[in-house]
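Please keep the sequence and the model in view while reading.

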Amino acid sequence: MSTSTPANTPLTYDQAGVNYDLIDPLKVSAQRAAASTATQLGVHGFNEVKASRGESAYVVDVGPFYMASIVECLGTKTLVADEMAQLTGQSFYGAIAQDTIAMAVNDLITVGATPLVVQAYWAAGGSDWFGNAPRAQALVAGWKAACETCGVAWGGGETPALAGIVENDRIDLAASCTGLINPKSRLSVGDQLAPGDAIVLLAASGIHANGLSLARKLAERLENGYLTEIEPGLSYGAALLAPTPLYSPVTEALYKSGLTVHYSANITGHGWRKLLRHPGELTYRIKTVPPVPAVLRFMQKECHLDDREAYSTLNMGAGFALFVPPEQAAEVVKVAQGCGIQAWHAGQVEAGPKRLFIEPLGIEFSDADLQLR
């Protein structure tokens, strides 16, 4: 499976075919066009929450409560699952289902929403994909289980067969999620974020569903491909397919415990640069770095990525960030751990220019490193 590319040549996300410098301007252009349509809500007596523009979920004021919504695509993780199925005879689509829902739910909760309904979009390269009963039923069972973990209803979905658009025996997975912010005081779009707030990081399980283009490119370099052992008894492919945690049980438990979240960031594409998502001029100082999952340590080493490149691309062990009042940080960590998610009081927000300092690693990111609005 190895290629002629020298093994010591750095392998970056750009080389894997993902260039955010090209993608992000389109996102910004789309946001501006979308913002011009907000007046349509007034016909129904509703209004958008303008501060949610550019956040991970869109929020509408419908009177007694806010309504939030999001749609997210899984990406290319299915390709790893398909290759591992051929190599091992196992189906990984139960975990893949959780990944897909996590992409939507973990974005929705950043604005303080309780997930309510999930819809499925499963676009296959042909009807034959659905004829593989063990694989299809694993997807159904995993989707249902993830919905139950998040306490959401699975409302329905779409299962098109798109020969000529999606490759034969492949599937493109996406999910949309709608939620409520009730009471309205739970709204979290950053208006309360202030110097002194604590930064609590929630543990990642592995690569999650971002960075898979880079991970797949690396597999081409490895002599044993996805079956390369990264730890005793753990293959590279199996480690990549660890399901993404569902963080909504944590945010719901925090609310029920009377704890306050001033802002949240789902650490997905752009890696730790997502900690700079808030539009305000604030400095974020990280003093404690979570341990890096084995699969990400392996990728950084084998891709020859320096720390700055790794932390600007991958989650490196932190899947979600909560910005909370400093006096509540210890209790937030405790509540998260009670939900089975490891957490760390990792740093704090400070007055100053828009900068992120990851002090233990000597890394600095600035406003210029993340342009999402």
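The model is a predicted one. Strands of a sheet pair through backbone hydrogen bonds, either parallel or antiparallel.

- Strand β1 runs antiparallel to strand β2 (residues 58-61), and two bridges join them. In this pairing, N47 has D61 of β2 as its bridge partner.

- Two packed helices are described by the angle between their axes and the distance between the axes.
- For helix α2 (residues 77-88) and helix α3 (residues 93-108), the axes come within 10 Å and cross at roughly 175°. Helix α2 is therefore roughly antiparallel to α3, as angles over 145 degrees are counted in that class.
- On the side of α2, the contact is made by K77, T78, A81 and D82, and on the side of α3 by Y93, I96 and D99.
- By class, this contact between α2 and α3 comprises three nonpolar, one polar and three charged residues.

- Strand β11 (residues 282-286) and strand β13 (residues 343-351) run antiparallel and are joined by five bridges. Within this pairing, V349 of β13 is the bridge partner of Y284.

- Strand β7 is joined to β13 by five bridges, and the two run antiparallel. Residue I199 has G347 of β13 as its bridge partner.
- Strand β7 also pairs with β12, in the antiparallel sense and over six bridges. Opposite L202 stands F320 of β12.
- How many of the six residues of β7 are buried? The count is six of six, and the strand is mostly covered.
- Both faces of β7 are covered: A198, V200 and L202 are buried on one side, and I199, L201 and A203 on the other.

- Residue Q328 lies in the loop between β12 (318-324) and α11 (329-338).
- Is Q328 buried or exposed? Its relative accessibility is 15%, so Q328 counts as buried, the cut-off for buried being under 20%.
- Apart from neighbours within four places in sequence, Q328 is in contact with L259 and T260. A polar atom of the Q328 side chain lies 2.7 Å from the backbone nitrogen of T260.

**D307, in helix α10**

- Residue D307 belongs to helix α10 (residues 307-313). Because its relative accessibility is 29%, D307 counts as partly exposed.
- Apart from neighbours within four places in sequence, D307 is in contact with Q300, L361 and I363.
- Along the chain, D307 and S52 are 255 residues apart, and their C-alpha atoms are separated by 31 Å.

**Backbone features in loops**

- Most residues other than glycine have a negative phi, and most peptide bonds are trans.
- The peptide bond from N182 to P183 is cis, with omega near 10°. Residue P183 lies in the loop between β6 and β7.
- Residue D169, in the loop between β5 and β6, has a positive phi near 60°. At 37% relative accessibility, D169 counts as partly exposed.
- Residue H270, in the loop between β10 and β11, has a positive phi near 80°. With a relative accessibility of 2%, H270 counts as buried.

Notes:
Residues numbered from 1 in each chain as written. Predicted model: local features only at pLDDT ≥ 70, side-chain atom pairs only at ≥ 80, totals over all residues. Heavy atoms only, no water. Helix = DSSP H or I, 4+ residues; strand = E, 2+ residues; numbered from the N terminus. Buried < 20%, exposed > 50% of the residue type's maximum accessible area, 1.4 Å probe, protein only. Polar contact = N/O pair within 3.5 Å; in protein donor to acceptor, adjacent residues only side chain to side chain. Contact = heavy atoms within 4.5 Å. Pairing = 2+ DSSP bridges. Axes fitted to C-alpha atoms, helices over the stretch in contact; angles between N-to-C directions. Parallel < 35°, antiparallel > 145°, perpendicular 65-115°, else oblique. Nonpolar A, V, L, I, M, F, W, Y, C, P; charged D, E, K, R; others polar.
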